[in-house]
Amino acid sequence: MTKVYIATEASVDALDTRTTAAEATLASVESSVPINVRRGPYNAAGNGTTDDTAAIQAAIDAAAISGLPVYVPPGTYKVTSLLYVSNLRIFGAGSRLSILKREAASSGAVLGGVVGGIGALTAVEDLIVEDL
């Protein structure tokens, strides 16, 4: 025996309401997801040998525009020049898991702001900065 369901105007309206609520929830989640330096379009390698400077800076620049935080997943990220950070949150996966390694030939800081230091509203959390 085959069951047949007949949609009423009320059931269609209820479905529309649930769909709209689900779309709003998805939009809310997408707008709060951090920018991951390993995902496209940034694609940092995090293998300790590939120069990840441009990828990480691109993620930082996108975060500055969007207002989203930057996430640096576990890995060792080779940085060959200063990363300019201002007024954002950049965080890693935890102690000894997310590492920004400065190339030995480069000197000075790895993270810096517009006026030489990290911006006053920038938060750096669970991220190690070391010499390569």
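Mentor: Start with a charge and a ring. This model is predicted. In it, the charged end of Arg-89 sits over the ring of Phe-91. The distance to the ring centre is 4.1 Å.

Trainee: Is Phe-91 buried or exposed?
Mentor: Compare its relative accessibility with the cut-off. Buried means under 20%. Phe-91 has 13%, so Phe-91 counts as buried.

Trainee: How many aromatic pairs does a search of the whole structure find?
Mentor: The search finds one. A pair of aromatic rings is described by the distance of the centres and the angle of the planes. Here the rings belong to Tyr-71 and Phe-91. Their centres are 5.2 Å apart. Their planes meet at 40°, so the pair is tilted.

Trainee: Which parts of the chain does the pair link?
Mentor: Distant ones. Tyr-71 belongs to strand β3, and Phe-91 to strand β6. They are 20 residues apart.

Trainee: Let us turn to the core. How many residues has the largest nonpolar core?
Mentor: The core has 21 residues. Look for those with the most contacts inside it: Val-37, Ile-56, Ile-60, Val-70 and Leu-100. Then ask which elements supply the core. α2 (53-66), β3 (70-72) and β4 (75-79) each give at least two residues. The largest share, five residues, comes from α2.

Trainee: What does Ile-56 touch?
Mentor: Set aside residues up to four places away in sequence. Ile-56 then touches Val-37, Ala-44, Tyr-77, Val-79, Leu-83 and Leu-100.

Trainee: Where is Thr-53 found?
Mentor: Thr-53 is in helix α2. Its relative accessible area is 8%, so Thr-53 is buried. Leave out its neighbours within four places in sequence. Its contacts are then Lys-78, Val-79, Thr-80, Ser-81 and Leu-83.

Trainee: Now a loop. What is the place of Val-85?
Mentor: Val-85 is in the loop between β5 (83-84) and β6 (89-92). With 1% relative accessibility, Val-85 counts as buried. Val-85 and Ala-63 are 22 residues apart along the chain. Their C-alpha atoms are separated by 9.6 Å.

Trainee: How many helices and strands are there in the chain?
Mentor: Count two helices and 10 strands. Along the sequence the pattern reads α-β-β-α-β-β-β-β-β-β-β-β.

Trainee: What share of the 132 residues is buried?
Mentor: Buried residues make up 33%. For the surface, the chain exposes about 8,000 Å². Carbon and sulfur atoms supply 58% of that.

Trainee: Last, confidence. What pLDDT does the chain average?
Mentor: The average is 76, and 57% of the residues score at least 70. Then go element by element. Helix α1 (residues 9-30) has the lowest mean, 56. Strand β1 (residues 35-36) has the highest, 96. Over residues 114-118 the pLDDT is below 50. That stretch has seven contacts in the model beyond near neighbours in sequence.

How values were computed:
Residues numbered from 1 in each chain as written. Predicted model: local features only at pLDDT ≥ 70, side-chain atom pairs only at ≥ 80, totals over all residues. Heavy atoms only, no water. Helix = DSSP H or I, 4+ residues; strand = E, 2+ residues; numbered from the N terminus. Buried < 20%, exposed > 50% of the residue type's maximum accessible area, 1.4 Å probe, protein only. Core = buried A, V, L, I, M, F, W, Y, C linked by side-chain atoms within 4.5 Å. Contact = heavy atoms within 4.5 Å. Phe/Tyr/Trp six-rings, centres within 6.5 Å; stacked < 30°, edge-to-face > 60°. Lys NZ or Arg CZ within 6 Å of the ring centre and 35° of its normal. pLDDT = per-residue confidence, 0-100. Areas by Shrake-Rupley, 256 points an atom, 1.4 Å probe, with all protein chains shown as cover.
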